[in-house]
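Trainee: Please walk me through reading a structure, one feature at a time.

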Amino acid sequence: MPVEITWWGHATCTVEDSDVRVLTDPLFARRLAHLRRRRGAPPPPGAWRADVALVSHLHADHLHVPSLARLAPGTRLLVPRGAPRAVPGLRRLAHLRLTEMEPGDERGVGGVRIRAVPARHDGRRLPFGPHRSPALGYVVEGGARTYFAGDTGLFEDMAKEVGPVDVALLPVGGWGPFLGEGHLDAGRAAEALARLAPRSAVPVHYGTYWPIGMDSVRPHEFHAPGTEFVRLAAERAPEVVVHRLEHGESVRLGDAR
């Protein structure tokens, strides 16, 4: 059964597999604190529809309570363990079916199984608060095995922890002129691709948000990561087909197994 991937911008994607709609790190805002959406319109109301939404970690550009509030009543919401304690606003989302996850946990939703996997990233709710929740990636397994990395750096056992996958949604940039520790830039994402060896990949987490007033500061870090990832992936993982999507664009991938 084919899987369809739609990239809405930043880390927000819809994965449609086995008649299940999976939404990753929903962020529907034009502005978030000091960040402004500079490319692509915010996802339309149709993008808010999902059977299950995945939150990878507690940073506000990945766990955005106002965006989660737009999800329909009864939507399943998987979050890192400890998230409701660290982000009290989650507890007000009584219309959602919330489940806390940690690496190794699995949940079934319709015809897919979703497994939480480790990520190398600061999982705290910044700018304050103790480190209460793990940063996660997720593997969605139905007709295909799709890996959503969330935010992560490279780590030694990445391929082992994630396992065999058919599609990888990999972050290749960020929202500012410099990437801190625990992130993938285009080069590190290409190295991750070589380790994971999926059939297909989609670059995400770039070219969407940028700090207000910093348009002229290292603008190539905003525009270039997707194209640079395509180039480096062709060198380091030439067997992988990379689909660089525009905001709101979809790709339909054939039977993966």
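**Reading the model feature by feature**

Mentor: The model is predicted. Begin with D19, which is exposed at a relative accessible area of 76%. D19 sits in the loop between β2 (12-17) and β3 (20-24).

Trainee: What is the phi of D19 near?

Mentor: The phi of D19 is near 65 degrees, a positive value in a residue other than glycine. H205 also calls for a look: its phi is near 60 degrees, again positive and again not in a glycine.

Trainee: Is H205 buried or exposed?

Mentor: H205 counts as buried because its relative accessibility is 1%, where the cut-off for buried is under 20%. H205 is placed in the loop between β14 and β15. Y206 lies in that loop too, between β14 (200-204) and β15 (209-211).

Trainee: Is Y206 buried or exposed?

Mentor: Y206 is buried, since its relative accessible area is 3%. Setting aside neighbours within four places in sequence, the contacts of Y206 include W7, V172, F222, R244 and L245. For a sense of distance, take P45, which is 161 residues from Y206 along the chain: the two C-alpha atoms are separated by 22 Å.

Trainee: How many cavities of 30 Å³ or more are there?

Mentor: The count is one. The largest cavity has a volume of about 30 Å³. Its lining is formed by W7, R39, Y206, R244, L245, E246 and H247. By type, that lining divides into three nonpolar, one polar and three charged residues. W7, R244 and L245 are also among the contacts of Y206.

Trainee: Pockets come next. Which residues lie nearest the centre of the second largest pocket?

Mentor: They are V172, D185, A186, E221 and P225, out of 14 lining residues. The volume of the second largest pocket is about 180 Å³. Its lining comprises seven nonpolar, four polar and three charged residues. Two helices, α5 (220-223) and α6 (225-236), each supply at least two residues of this lining.

Trainee: Which elements do the buried residues of α4 pack against?

Mentor: They pack against β12 (145-148), α3 (158-162), β13 (167-171), β14, α6 and β16 (241-242). Check the helix ends as well. At the start of α4, a side-chain oxygen of D185 comes within 3.2 Å of the backbone nitrogen of G187. Just after α4, A197 has a positive phi of about 55 degrees.

Trainee: How many residues are in the largest nonpolar core?

Mentor: There are 53, and I114, Y147, L170 and F229 have the most contacts inside this core. Helix α4 (residues 186-196) gives the most to the core, with six residues. Another core lies apart from it and has 20 residues, including A50, L68, A83 and L93.

Trainee: Which residues does F229 contact?

Mentor: Beyond neighbours within four places in sequence, F229 is in contact with L170, V172, A186, A189, A190, L193, P203 and V242. A186, A189, A190 and L193 are among the buried residues of α4.

Trainee: Where is H121 placed?

Mentor: H121 is in the loop between β10 (112-118) and β11 (136-141). At 11% relative accessibility, H121 counts as buried.

Trainee: Which side chain does the side chain of H121 make a polar contact with?

Mentor: The partner is the side chain of D151, at 3.5 Å. Leaving out residues up to four places away in sequence, H121 touches H57, H59, A135, D151, T152, G182 and H183.

Definitions and conventions: Residues numbered from 1 in each chain as written. Predicted model: local features only at pLDDT ≥ 70, side-chain atom pairs only at ≥ 80, totals over all residues. Heavy atoms only, no water. Core = buried A, V, L, I, M, F, W, Y, C linked by side-chain atoms within 4.5 Å. Buried < 20%, exposed > 50% of the residue type's maximum accessible area, 1.4 Å probe, protein only. Helix = DSSP H or I, 4+ residues; strand = E, 2+ residues; numbered from the N terminus. Contact = heavy atoms within 4.5 Å. 1 Å grid on protein atoms, 1.4 Å probe; cavity = no way out; pocket = protein on both sides within 12 Å on 5 of 7 lines; lining within 4 Å. Points joined across faces, edges and corners; volume = space filled by probe spheres on them. Nonpolar A, V, L, I, M, F, W, Y, C, P; charged D, E, K, R; others polar. Polar contact = N/O pair within 3.5 Å; in protein donor to acceptor, adjacent residues only side chain to side chain.
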